[in-house]
Every structure is written in C-alpha cells, then in structure tokens.
Amino acid sequence: DSVPKIIASVLKAGIGVVGALSLLIFVYGGFLWLTSGGEAAKIQAGKDAMKWAAIGLVVIFTSYALVSFVFKAITG
C-alpha cells in the first residue's frame with residue numbers, strides 16, 4: 001500500500017481507540033452520578049465527566065470524518 005493509506009489506517013485506528021476511551025469515561029460519569037447517594041460533589045463530578053466525554057466524542061467523530069474526507073481526497 002501507499003504511505004497515505006497506511007497513515008490513514010493508523011489515524012483511524014487511533015481515533016477509534018480514543019473514541020472507546022471517551023465512551024468509557026461517559027459510562028464512568030454515569031456510574032458516579034448513579035452512586036452519588038445525593039452528595040452534590042459526586043453528582044457534579046459525574047455530570048462533569050459525562051459532559052466532557054460527550055464533548056470529546058463530538059470532537060472525535062468530527063476528526064474521524066475530517067480525516068476520512070482528506071485521505072479519500074488524497075488517495076482517490
């Protein structure tokens with residue numbers, strides 16, 4: 001294969017791993033929120049984890065789409 005195709009494959013795999021980690025953080029935030037027992041600090045920590053994980057997922061999906069578009073334009 002050509003170098004751009006190899007780079008595209010590596011980037012897509014890396015984005016996939018980061019996306020999976022972000023999803024795990026989202027689940028962890030939900031777990032924190034559910035097990036907070038009404039403590040405001042734990043509720044806020046869970047909400048914050050979920051908020052940042054959701055933002056991370058949006059960034060990851062956007063970067064995946066961008067990488068796919070650019071490498072399809074380069075490789076044809």
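Biologist: Among contacts between residues at least 6 apart in sequence, what share join residues at least 24 apart?
Modeller: In this protein, 68% of them do, a contact being heavy atoms within 4.5 Å. The model is predicted, so local features need pLDDT of at least 70 and side-chain atom pairs 80 or more, while totals for chains, interfaces and linings use all residues. Residues are numbered from 1 along each chain as its sequence is written, and side-chain values use heavy atoms, without hydrogens and water.

Biologist: How many helices and strands are there?
Modeller: The protein has two helices and zero strands; these are DSSP runs, H or I of at least four residues for helices and E of at least two for strands, numbered from the N terminus.

Biologist: What does the C-alpha trace span along its principal axes?
Modeller: The spans are about 55 × 15 × 10 Å.

Biologist: Turning to serine 22, is it buried or exposed?
Modeller: Serine 22, in helix α1 (residues 3-34), is buried because its relative accessibility is 9%; buried means under 20% relative accessible area, exposed over 50%, and partly exposed in between (1.4 Å probe, protein chains only).

Biologist: Which residues does serine 22 contact, leaving aside neighbours within four places in sequence?
Modeller: Serine 22 touches Ala53, Gly56, Leu57 and Ile60.

Biologist: And where is isoleucine 74?
Modeller: Isoleucine 74 lies in helix α2 (residues 40-75). Isoleucine 74 counts as exposed because its relative accessible area is 53%.

Biologist: What fraction of the protein is buried?
Modeller: Buried residues account for 24% of the 76 residues.
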